[in-house]
Protein chains: 2
Amino acid sequence: MPPRQDTSRSKLDDAARAGWLYYVAGNTQDEIAAKLGVSRQSAQRLVSLAISEKLIKVRLDHPIAACLELAARLKDRFGLSFAEIVPSDPGHPDTTLGVADATAAQLERRLASPEPTILGVGTGRTLKAAVELLPEMDCPQHKIVSLTGNIAPDGSAAFYNVIFSLADKVKAPSFPMPLPVIAASEREKTLLHQQVGIEKNLALAREADVWFVGIGDLGPNAPLYEDGFVTRSELKALQKAGAVGEMLGWVYDAQGQLVAGMTNERVASAPLPSAETAMVIAAARGRDKVEAIGAAMRRGLVGGLITDEDTAARLLA
Amino acid sequence: MPPRQDTSRSKLDDAARAGWLYYVAGNTQDEIAAKLGVSRQSAQRLVSLAISEKLIKVRLDHPIAACLELAARLKDRFGLSFAEIVPSDPGHPDTTLGVADATAAQLERRLASPEPTILGVGTGRTLKAAVELLPEMDCPQHKIVSLTGNIAPDGSAAFYNVIFSLADKVKAPSFPMPLPVIAASEREKTLLHQQVGIEKNLALAREADVWFVGIGDLGPNAPLYEDGFVTRSELKALQKAGAVGEMLGWVYDAQGQLVAGMTNERVASAPLPSAETAMVIAAARGRDKVEAIGAAMRRGLVGGLITDEDTAARLLA
DNA sequence: TCAGAAGATGAGTAATTGCCCATGCGTATA
DNA sequence: TATACGCATGGGCAATTACTCATCTTCTGA
């Protein structure tokens, strides 16, 4: 009898052979068993040994491979239950390119389900672009609830509001929040929230199965400032207080902690849920947003992310 | 509505995704179906599409003892500087199985080098299959030169020509030989070779660092005959003159000596180099080719061989 | 606009694979 | 020497996968 080392060596050899015959030559395990002169079960064990010993290496030769890999790493690193990475197109002017498409695909998938779903939606350029990409659908079984107010500071309808076009497109009952995104005062916000219609809406938001939201940065071109929801001086003050990002208007710092006082006292959006309560899916990309996205994920403010390759790589760096 | 190209593109993307989830992430097809939002059957189709489209590449990373030993003995016996033996799969119909994979791996290795290389390539089923297995690469530093003409006897492009697809896949400058594989007469061949472009090409072939070629036998199913490069009567005459094999169209006898006169006078391929000049790597397997491979090795026409276990054993017998 | 072709889809089913368990062989230990 | 332990083996079965077929959709060309 050959000594142990030879046994295990020739065993690995056989495993390699079996793995080759299986994966490269496309034999069935029965055929391999016959060719190697062992039982079918042993052949199966050899094949799985070849895999567990990493003798067989599989690679995917397609641009998507990198994206899937990044998604897996993001899920692992930040404890996400969902991550979708789309290929980057460096230098492309469209800030929602790809991400909007992927978001639309996710929305569509959930809406296509016959199971009644309560869908919370935020606002922003990415969501708006995603909704535009949605096909017409017929989803009376779902409910779509707005997570933010829909009135801009000047009293007009907020431009990047999406609930109406979404509800219209998929023919689902919708529950908008007819109040300012950021109220004039904490007291005003409280009063507004006590209205019967709004209370019901907020309750619906709490019950929602999934939220789709955008994430904004608080750099010099912060969407919150660009769209006029906060003034220049408010933005400066928020930056000074350590704010790095914003979701539904809720401003948070590098640890994902809500910045106390200031605008957060007046934000009329639905309160952010704990990670367990609902599935919060954020869609955002771009170099400027890396810190904001990272902070939200570290704190567990989001359970799912849709972004692009480049942003994902920076998040992992 | 997205145009056809987008449809088929996103289909391949999905196939890649499915393949990745299946082979890399170890999902079942049911899980993939759920994640991709398609039926189980569709998921199965995507996975098999990923395979049939060669998106998924499997390689065996284990020196199988028996193959290694055969390789060592071949190198020793025939003075080769390189030999790679892949496991045999007796009775498998694919005549390039395994050998093509190994050839692709060798090609990839050399192309991956940043060092500028001149690569001479022949033709044939094995090389064609190998090129198909290559991943997309970006190798502007290398030059790929064809060692044979690329025009079939009927005037069409020779089917097993590989230089274009290879150059395309690895994005390297290529130097094809736009002339018949076997000219009508010695005089025509000489004239063709005197064309400026062809002369440069032949010079490049002489300078090449490595050649990758196939080997054909001259039995009743000789590739040279099957592909229409020689007539039935020419084949008979060659056989009568002792021809046993062929490389780039150059016909040789059991001692590896070129058969004088006949088709060899009209072959438009680059002249075979002496063993020292360039590294000639032949890829071939099969019982029919044993004598042809052996003759080429004995004469030193090849310095490297890629074949399978069974062929290697017969070569040593 | 419509018939036909090509292709996609899902159900059903056969084939293949993965896993658990009982068995047997060889070895170490008291 | 008897006993226990480790481990490989093959049977059996449930899970998974591959394939076939009928139906439906979409595109093409008259």
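Which residue of E1(B) does Arg59(A) stand opposite?

Modeller: Arg59(A) stands opposite Lys57(B), a residue of E1(B). Before going on, note that this is a predicted model, in which local features need pLDDT of at least 70 and side-chain atom pairs count only at pLDDT 80 or more, while totals for chains, interfaces and linings use all residues. Residues are numbered from 1 along each chain as its sequence is written, chains are lettered from A and ligands numbered from 1 in the order in which they are written, and side-chain values use heavy atoms, with hydrogens and water left out.

The two strands around that position are E1(A) and strand E1 (residues 56-60) of chain B, which pair in the antiparallel sense over 5 bridges. Strands (E, at least two residues) and helices (H or I, at least four) are DSSP runs, numbered from the N terminus, and two strands pair if DSSP finds at least two bridges between them. Strands of a sheet pair through backbone hydrogen bonds, either parallel or antiparallel.

Arg59(A) also forms a salt bridge with Glu108(B), with the closest N and O atoms 3.2 Å apart. A salt bridge here is a side-chain nitrogen of Lys or Arg within 4 Å of a carboxyl oxygen of Asp or Glu. There are 5 salt bridges between chain A and chain B, and over all chains the count comes to 14. One of the bridges joins the side chains of Glu309(B) and Arg17(A) at 3.1 Å, N to O. That pair crosses between the chains, with Glu309(B) in helix H13 (residues 309-316) of chain B and Arg17(A) in helix H1 of chain A.

Now the contact as a whole, where contact means heavy atoms within 4.5 Å. Chain A gives 28 residues and chain B gives 35 residues. About 3000 Å² is buried between chain A and chain B, and carbon and sulfur atoms give 59% of that area.

Between chain A and chain B, 11 residue pairs are in polar contact, both residues at pLDDT 80 or more. A polar contact is a pair of N or O atoms within 3.5 Å; within protein, one must be able to donate a hydrogen and the other to accept it, and residues adjacent in sequence count only if both atoms are side-chain atoms. On the side of chain A that touches chain B, the elements giving two or more residues are helix H1 (4-24), strand E1 (56-60), helix H4 (64-78) and strand E2 (82-86) of chain A. H1(A) supplies the largest share of that side, 9 residues. By class, the side has 16 nonpolar, 2 polar and 10 charged residues. In this scheme Ala, Val, Leu, Ile, Met, Phe, Trp, Tyr, Cys and Pro count as nonpolar, Asp, Glu, Lys and Arg as charged, and the others, Gly among them, as polar.

E2 of chain A belongs to an open sheet as well: 7 strands in the order E2-E11-E10-E6-E3-E4-E5, with parallel pairing. E2 and strand E5 (174-175) of chain A are at the edges, each with a single partner strand, so one side of each is left without a neighbour in the sheet.

A last point concerns confidence, given as pLDDT, the predictor's confidence in each residue, from 0 to 100. Chain A averages a pLDDT of 87, and 95% of its residues score at least 70. Over residues 1-9 of chain A, however, the pLDDT is below 50, and this stretch has 2 contacts in the model beyond near neighbours in sequence. Where pLDDT is low, the predicted coordinates should not be read in detail.

Key:
Buried area = accessible area lost by both parts, 1.4 Å probe.
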